[in-house]
Amino acid sequence: MPRSHSRQATPKRCDVTKSVLPGTSPEKGSNARFSWGMEAQHTNNIRIPQLRVLLNTACGKRCRYCRPSGEASHQVQRDQQATPDELLEWVRVLVCAGVRDVRLTGGEPALHPLGELVRLVRETKAMGVPRLTLVTRNGRIASALAALKCAGLDCITFSLDTLDPVRWCRICGISECDVGEHATLLDAVLLAHEAGLPVSLNCVLLADTSAAEFFGLLEFAAKVGASVKVEELIRDVGMNGAAGAELHANPEHLAAMVRAQASSTWVTTPAGGLGHPMDNHRLPSGVTVTWKQFAKGACYGTDCHDCADFPCDDALMALRLLPDGRLQTCLKRDGNHLDLGAALRQGGDEADRMVRRALSVYATATRYEHADIERLRARRAWAPATQVLYAMEAHV
Ligand code: SF4
């Protein structure tokens, strides 16, 4: 049932000096850089998640590994989509609450009006957000790259799993007639580098990804000055995880080959120390390879304990803002929405309470070791729900 949004309502202004969580006031105009997540975990140990802002829900692709509740699966009607001013107001409220790391995503940001996208970047950076990134898999972004750089974008991530154009079409679930899109995307990667933007390539490892294909991607990254993030496929994809189990590959054999060549290695995490800890390897070519591997353990929160998918592969890692103003505290599970847009239109304190509620999910998250996660997953596979609950209670 469509929800009606009144465009006439005056949104509640956010006082940028006010902080929802103690000790988390944003440093307005600060030049401080939070290169990755550990730095965004505040000194008082409150975990602040990355904010993923969905600019739209259409992406034009059906990737084989998209999350069940993935960025592309939220169908928001055109008349429910935020105006640029509403979107900025919602982001401002969350920045006031302590968010430091913002990622613009979709759907597909490149299908958003590009002038509005540049404005969004400029005004979000003006809020004092130290790390603002954008993720795309569409070469249409090329025409906006210089303007995005000038507006203050900190980094651009291209989803690029392979250099093979036909295989790329198959992974993206598009017709091989659209194979030219792959070349346009590769051109955009090069142009982003030439525009002076730090570039990252996101590669989801699949069961049929060959070592030659993977190392070819690393060579391409070296040529265009990009870093590479390798993501282990979430196994909880498809009916009862069947699709994930079929497509999943353990990245360790490739990780070991990269590790053997590395001149240095260090560990980072997503914002707030959430998600999975990640090994980083610097190669002699200058490329940094970051590994999201389940074997490193993961973070879950109290909200996970009543979840049928606990402990999922995705883990508790980021807060999502949908284009209609709803907040989603788990990227995988649908139905846990908090309607921030409606609360702000209503006025009163409800929006503050809602933001506190959303951030508290992450503030209390704890790290689980991989062996414990696998043990709980094995029990989940055969146990009736009550036994799963018992296993979780025994663990926490
Ligand atoms: S609620 Fe927690 S366990 Fe459930 S899908 Fe989300 S992150 Fe995973």
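Two strands pair if DSSP finds at least two bridges between them. Helices (H or I, at least four residues) and strands (E, at least two) are DSSP runs, numbered from the N terminus.

This is a predicted model: local features need pLDDT of at least 70, side-chain atom pairs count only at pLDDT 80 or more, and totals for chains, interfaces and linings use all residues. Residue numbers start from 1 along each chain, as its sequence is written.

**Strand pairs**

| Strands | Sense | Bridges |
|---|---|---|
| β5 (residues 199-205) and β6 | parallel | seven bridges |
| β6 (residues 226-232) and β9 (residues 288-292) | parallel | four bridges |
| β8 (residues 278-282) and β9 | antiparallel | five bridges |

Look at V230 in β6. C203 stands opposite V230. In β9, W291 is the bridge partner of V230. Further along, R282 stands opposite T288 in β9. The hairpin of β8 and β9 has five residues between the strands, and G286 there takes a positive phi near 95 degrees.

In a regular strand, side chains alternate between the two faces of the sheet. A residue is buried if 20 or more other C-beta atoms lie within 10 Å of its own, exposed if 12 or fewer, and partly exposed in between, with C-beta atoms placed from the backbone.

**The core**

The largest nonpolar core has 94 residues. Such a core is a set of buried Ala, Val, Leu, Ile, Met, Phe, Trp, Tyr and Cys residues joined through C-beta atoms within 7 Å. L94, V228, Y300 and L316 touch the most other members. Helix α1 (residues 84-96) gives the largest share of this core, seven residues.

Y300 has contacts beyond its neighbours within four places in sequence, including F310, P311, L316 and Y368. Contact means that two C-beta atoms, placed from the backbone, lie within 7 Å.

**Helix α4**

In α4 (residues 165-172), W168, I171 and C172 are buried. They cover an arc of only 90 degrees around the axis, so they lie on the same side of α4. The arc is that of the directions from the helix axis to the C-beta atoms. The cover over these buried residues includes α5 (180-194). G173 follows α4, with a positive phi near 70 degrees.
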